[in-house]
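I opened my notebook to look up a few residues, one at a time. Here is what I wrote down.

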Amino acid sequence: MNQLIIGITGGIGSGKTAVSNRFQALGITIADADFAARAVVQPGSKLLSDIAAKFGQNILTDAGELNRPKLRGIIFADNDARRFLERATHGPIMDQLRSELTAATSPYAMLVLSAGTGQNPLINRMLVVDAPIELQQARVLERDGSDLETINHIIAAQPARRERLALADDIIENIGSEQALDDKVAALHQFYLDLNHHD
Ligand code: ATP
């Protein structure tokens with residue numbers, strides 16, 4: 001892929017979706033690794049039947065979909081199962097993302113990654129959306145109505161803020177108003193357009 005592909009990462013509640021929605025509104029194609037991970041195990045997919053063959057038919061819901069909480073429970077307790085799942089899903093997810101990104105007709109495209117710091121071979125630049133932990137907590141409390149303890153567990157399980165920031169080519173500090181975020185995205189969009197132009 002001879003295209004500018006920018007990864008978007010950030011901790012829970014940092015504002016990855018708020019940011020990617022704004023780039024999308026500017027006409028930029030957005031692929032999302034979490035969506036792709038769901039798309040590749042749709043009922044009828046080879047991957048879902050491979051997973052059912054490995055873990056048993058009761059890993060499926062009555063509607064024939066993947067029972068994600070159940071699978072999470074299994075791989076949490078069983079490293080071999082987790083490795084099997086990672087190996088089985090990696091290729092199909094990458095193929096899915098690659099085809100979405102190659103089909104992009106926007107001047108550049110973006111790939112929303114979860115909170116991880118793992119390098120993704122599809123991207124050639126990384127944008128980190130950053131906010132202080134207190135703000136992450138407050139936003140997720142309001143958005144999901146979940147409790148602080150659950151949110152803190154998720155934050156603790158995600159890579160540390162400084163590890164993410166260390167990999168950033170660009171950073172959006174999402175600490176202000178919605179309007180301030182609009183302005184930051186608009187400025188970065190212009191920067192990416194110029195970057196693409198001069199490459
Ligand atoms: P997750 O990792 O859980 O998917 P995320 O990084 O995608 O989270 P968002 O869902 O974009 O985060 O933002 C979390 C919440 O905070 C949302 O309800 C969003 O509308 C709100 N939010 C994000 N940025 C701002 C902002 N600058 N001003 C006000 N609210 C904001």
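**Serine 14 and beyond**

I started with serine 14, which sits in the loop between β1 (5–9) and α1 (16–25). I kept in mind that this is a predicted model.

Is serine 14 buried or exposed? I found a relative accessible area of 1%. Buried means under 20%, so serine 14 is buried.

Next I looked up its surroundings. A polar atom of the serine 14 side chain lies 2.7 Å from the backbone oxygen of glycine 11. Not counting residues up to four places away in sequence, serine 14 touches Val129, Ala131, Gln136, Arg139 and Asn174.

I placed isoleucine 155 in helix α7 (residues 148–157). Its relative accessibility is 14%, so isoleucine 155 counts as buried. Leaving aside neighbours within four places in sequence, isoleucine 155 is in contact with Ile12, Ile133, Gln136 and Gln137. I noted that Gln136 is also on the list for serine 14.

Then I turned to the nonpolar cores. How many residues does the largest one have? I read off 29, and Ile51, Leu97 and Leu111 have the most contacts inside it. Elements giving two or more residues to this core include α2 (33–39), α3 (46–55) and β3 (109–112). α5 gives the most to this core, with six residues.

Leaving aside neighbours within four places in sequence, isoleucine 51 is in contact with Val41, Gly56, Ile59, Leu66 and Leu85. Apart from this core lies another, of 17 residues, among them Phe23, Met110, Val129 and Leu188.

Terms used
Residues are numbered from 1 along each chain as its sequence is written. This is a predicted model: local features need pLDDT of at least 70, side-chain atom pairs count only at pLDDT 80 or more; totals for chains, interfaces and linings use all residues. Side-chain values use heavy atoms; hydrogens and water are left out. Helices (H or I, at least four residues) and strands (E, at least two) are DSSP runs, numbered from the N terminus. Buried means under 20% relative accessible area, exposed over 50%, partly exposed in between (1.4 Å probe, protein chains only). Contact means heavy atoms within 4.5 Å. A nonpolar core is a set of buried Ala, Val, Leu, Ile, Met, Phe, Trp, Tyr and Cys residues joined through side-chain atoms within 4.5 Å. A polar contact is a pair of N or O atoms within 3.5 Å; within protein, one must be able to donate a hydrogen and the other to accept it, and residues adjacent in sequence count only if both atoms are side-chain atoms.
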